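Let's take a friendly walk through a protein model, stopping at a strand, a residue and some aromatic rings. Have the sequence and the 3D view ready as you read.

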Amino acid sequence: MKKLFTTVLCALAFLSASAQENTFSSNPQPKEIKSANHNTRGGSWRSYDDDQYVTGIGGPQTFAWGIMFPAETLSEGQNITKTALFDVAASTGDVCIYYGGTTKPETLIHKQEYKTTGAGEWVEIELTTPLPLFGENLWVVFTTNEGQGYPAAACANSGDPNGRWITLDNTVWEDVASYNLPYSWMIRAYIE
């Protein structure tokens with residue numbers, strides 16, 4: 001049975017730690033935004049964001065957020081060579097690339113650490129090896145154990161649910177909109 005979570009605003013910090021552990025919320029604190037300056041090297045960035053930061057999502061200590069590109073939107077023979085996320089809060093964790101799966105990531109093919117500082121700008125993460133596309137759905141997922149800092153940068157909702165996946169346990173993936181958080185993730189994949 002699907003767990004029911006409630007949205008908690010920052011002002012409700014008096015709630016017990018156990019109640020907050022499984023609750024996502026947004027951090028309405030504004031950040032200074034530095035313009036995106038991506039090196040394109042002949043490829044292109046794929047994303048669901050509009051480059052306009054709105055809020056950071058967090059709450060639970062450990063969670064993952066990600067985006068999925070359907071296979072039909074990608075070309076076989078290309079590679080994903082880097083990812084990017086908007087650096088809204090100091091955070092560490094892993095960026096994970098998966099192939100397959102429509103409602104949750106299926107096969108983990110790459111994992112490497114990331115670190116952000118809260119600089120209010122895009123951070124590019126060069127993958128240690130190019131990953132070929134094989135006609136499978138492509139997932140770009142970030143994980144953290146520092147969720148109380150609201151590290152998942154979000155922009156206005158793009159309208160595509162593939163731009164707003166979230167999980168507490170890496171088993172049940174949900175649409176962040178189901179938590180009354182109408183946003184899309186500021187995550188990108190570089191395809192060349």
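Strand β3 covers residues 53-58, and five of its six residues are buried. Here, buried means under 20% relative accessible area, exposed means over 50%, and partly exposed is in between, using a 1.4 Å probe and protein chains only. Helices (H or I, at least four residues) and strands (E, at least two) are DSSP runs, numbered from the N terminus.

Which strand does β3 join? Its partner is β10 (residues 152-156); four bridges connect the two, and they run antiparallel. Two strands count as paired if DSSP finds at least two bridges between them. Look for I57, which stands opposite A152 in β10.

A note on the source: this is a predicted model, in which local features need pLDDT of at least 70 and side-chain atom pairs count only at pLDDT 80 or more, while totals for chains, interfaces and linings use all residues. Residues are numbered from 1 along each chain as its sequence is written, and side-chain values use heavy atoms, with hydrogens and water left out.

## A look at L138

L138 belongs to strand β9 (residues 138-144). Is L138 buried or exposed? With a relative accessible area of 0%, L138 is buried.

Setting aside neighbours within four places in sequence, L138 has contacts that include I67, F69, I97, Y99 and I191. Contact means heavy atoms within 4.5 Å. T102 is 36 residues from L138 along the chain, and their C-alpha atoms are separated by 9.5 Å.

## Aromatic pairs

Rings of Phe, Tyr and Trp (its six-membered ring) pair if their centres lie within 6.5 Å; planes under 30 degrees apart are stacked, over 60 edge-to-face, and the rest tilted. The count comes to ten aromatic pairs. In one of them, Y99 and F134 have ring centres 5.9 Å apart and planes at 85°, so this pair is edge-to-face. Y99 lies in strand β6 (residues 90-99) and F134 in the loop between β8 (121-132) and β9, so the pair ties together parts 35 residues apart in sequence. Y99 is buried at 12% relative accessible area, whereas F134 is exposed at 51%.

W139 and W165 form a tilted pair, 5.3 Å centre to centre with 55° between the planes. W139 is in strand β9 and W165 in strand β11 (residues 165-167), so this pair ties together parts 26 residues apart in sequence. W139 is buried at 0% relative accessibility, and W165 is buried at 11%.
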